[in-house]
Structure formats: C-alpha cells, structure tokens
Amino acid sequence: MTATTTSHASTSTNHPTALVRPDGGPCRVLVVDDEASLSELLSMALRYEGCEVRSAGDGAGAVRAAREFRPDVVVLDIMLPDMDGLAVLGRLRREIPQVPVLFLTAKDSLEDRIAGLTAGGDDYVTKPFSLEEVVARLRGLVRRSGAAQAARGGSVLAVGDLRLEEDSHEVVRGSREIHLTATEFELLRYLMRNPRRVLSKAQILDRVWSYDFGGQANVVELYISYLRRKLESGIGMPPMIHTRRGAGYLIKPAE
C-alpha cells in the first residue's frame, strides 16, 4: 500500500451510461481497501456512476458489510491489515456465492495474479490504476454476472463431451461437473459458440470483457490457462482448448 497509488487514479469518470444492475437498478458496490484516501476516491467515482457504495477497511469489516449490504460486486484489495484478500474472498463467497470480485493488487507478478484468479476472483487491476479502468472492469463484471444468471430458454451448448447449460450456469465434462466463475463461464460460452474457430485475443477481450480502453491482452492468457486447468489437467482429461500462435485460441472435441 502506497500513497502514490491515489495520485495515479484519475478523477475523470465521464462515461455515457451509469453502472447499473441488469434490471436497471443502481448497482451495489462494496469497496474494501485499508487506504482511506483511495477507498474514498473510488467510492466517489462509483457514486458518480450511479452506484450505491459501502466501504470497509479490513477483512472482518468486509464480511460484515457484505452480510448487511448484499453487494452486486466487490472491489477487494488483496493486501489488508487483518487477513489477505484471498481469505476474505472465501468468506465473502460463503455469504454471497456468486458475487463477482475485482481484485486490487500492488503486486504485478504473474504468480500473484494467477493466485487471485484461481482462488475465485473474476478480474484484477494492478495499482496504480485509473478510475476509468476500474469502472469499465466493474461494468463488465456486472454485465457478465447478469448474463450468466439470466434464463436462456434451456439453451445447451455441446462440444465433444463438454456441455454448458446457459440457463442454469452448469458445465459438465463427461460425468464431472465443473464450477466456474461468471467470467470463466462467459469465456467458455464464447469459445463453445464458435467451435473449431480461432478467436483472437482482441475478439475475446471485446466480447467477454468489453474493454473500451484497449485492455490488457494478458488477462486472456490467464483465463485460458485457468479454464484449461479446470476442464483438462484438473480432472485428468485430454485437451480441448488449443493455442494457435500469433492467431488466438479455439475449442474442439478432444482427440
């Protein structure tokens, strides 16, 4: 945690649309960070976007706030005074199982980012960051979470022995159920809607993350690697997601 983080956050949040829930109501955001000035800056920016905001400065306060406030999305610093963000995430998910979580981290190593995502986080922003980036990421998380939970008339996607049910958010490979976060689910759905088609990182970023600021392509690599762990190596099954160097990724039935 450093004071320079705050100075790098821009206060320009002139987005054309407010950050709202899928039903059109104001989005409830829980901001968890022990740096009071940064927490207040984020809260002000999110209120400007039309959100209802609650803040907490430590893990225990975050769990209490989540229980009372029932947020639609959580902004969670990975470094807190009483417990780390990964432990807080586990407790939050016991209170609200499907709540999307955006990690804030001062660490920029691949291992730290993968740790946050494999623990169940949906996205991350590395400090220093712009407020525009945080709002854009949250807008994407809320949209994906709503899409994943919305009924789709019983639509089922199938590629080989992998099945994805859009209405119930269930994913099964063979006889094994695969548990995915909202972001993982949306990425897999996009791949499965385009079997045997190579999708570029730019296409995936635009469709799954809807970044309007030229987002970080490496987040695609992280989520692809995590999907592979869950769909393949984690359950001892042959690969389905393939990399085409310089082109992108595709999914096809296992050979």
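Student: Why is alanine 62 called buried?

Tutor: Buried means under 20% relative accessible area, exposed over 50%, and partly exposed in between, with a 1.4 Å probe and protein chains only. Alanine 62 has 0% relative accessibility, so the residue counts as buried. Two remarks on the source: this is a predicted model, in which local features need pLDDT of at least 70, side-chain atom pairs count only at pLDDT 80 or more, and totals for chains, interfaces and linings use all residues. Residues are numbered from 1 along each chain as its sequence is written, and side-chain values use heavy atoms, with hydrogens and water left out.

Student: Where does alanine 62 lie, and what does the residue touch?

Tutor: Alanine 62 is in helix 3, residues 59-69. Helices (H or I, at least four residues) and strands (E, at least two) are DSSP runs, numbered from the N terminus. Contact means heavy atoms within 4.5 Å. Not counting residues up to four places away in sequence, alanine 62 touches Leu30, Val32, Ala56, Val88 and Leu92. Valine 31 is 31 residues from alanine 62 in sequence, and their C-alpha atoms are 8.2 Å apart in space.

Student: How many helices and strands does the protein have?

Tutor: The protein has 9 helices and 11 strands. Of its 255 residues, 53% count as buried.

Student: What makes arginine 70 partly exposed?

Tutor: The relative accessibility of arginine 70 is 36%, so by the limits already given the residue counts as partly exposed. Arginine 70 sits in the loop between helix 3 and strand 3 (73-77). Its phi is near 50°, a positive value in a residue other than glycine. Most residues other than glycine have a negative phi, and most peptide bonds are trans.

Student: Is histidine 169 buried or exposed?

Tutor: Histidine 169 counts as buried, because its relative accessibility is 18%. This residue lies in the loop between strand 7 and strand 8, and its phi, near 65°, is a positive value in a residue other than glycine.

Student: Which residues does the cis peptide bond join?

Tutor: The cis bond joins lysine 127 and proline 128, with omega about -5°. Proline 128 is in the loop between strand 5 and helix 6 (131-149).

Student: How do you know that cysteine 27 is in no disulfide?

Tutor: A disulfide is a pair of cysteine sulfur atoms within 2.5 Å. The nearest cysteine sulfur to that of cysteine 27 belongs to cysteine 51 and is 4.9 Å away, and cysteine 27 is in no disulfide. Cysteine 51 is in no disulfide either. The structure holds 0 disulfides. Cysteine 27 counts as buried because its relative accessibility is 0%, and cysteine 51 is buried with a relative accessible area of 7%.

Student: In what sense do strand 4 and strand 5 pair?

Tutor: Two strands pair if DSSP finds at least two bridges between them. Strand 4 (residues 101-105) and strand 5 have 4 bridges, in the parallel sense. At one of these positions, phenylalanine 103 has tyrosine 124 of strand 5 as its bridge partner. From strand 5 (residues 123-126), Asp123 and Val125 point one way and Tyr124 and Thr126 the other way, and all are buried.

Student: What is the strand order in the open sheet of 4 strands?

Tutor: The order is 6-7-8-9, with antiparallel pairing. Strand 6 (156-159) and strand 9 (176-178) are the edge strands, as each pairs on one side only. Strand 6 and strand 7 (residues 162-165) pair over 4 bridges in the antiparallel sense, and alanine 158 has arginine 163 in strand 7 as its bridge partner.

Student: What makes a set of residues a nonpolar core?

Tutor: A nonpolar core is a set of buried Ala, Val, Leu, Ile, Met, Phe, Trp, Tyr and Cys residues joined through side-chain atoms within 4.5 Å. The largest such core has 49 residues, of which Leu76, Val171, Leu188 and Ile204 touch the most other members. Helix 9 (residues 218-231) gives the most to this core, with 7 residues. A second, separate core has 23 residues, including Val29, Val31, Val75 and Val135.
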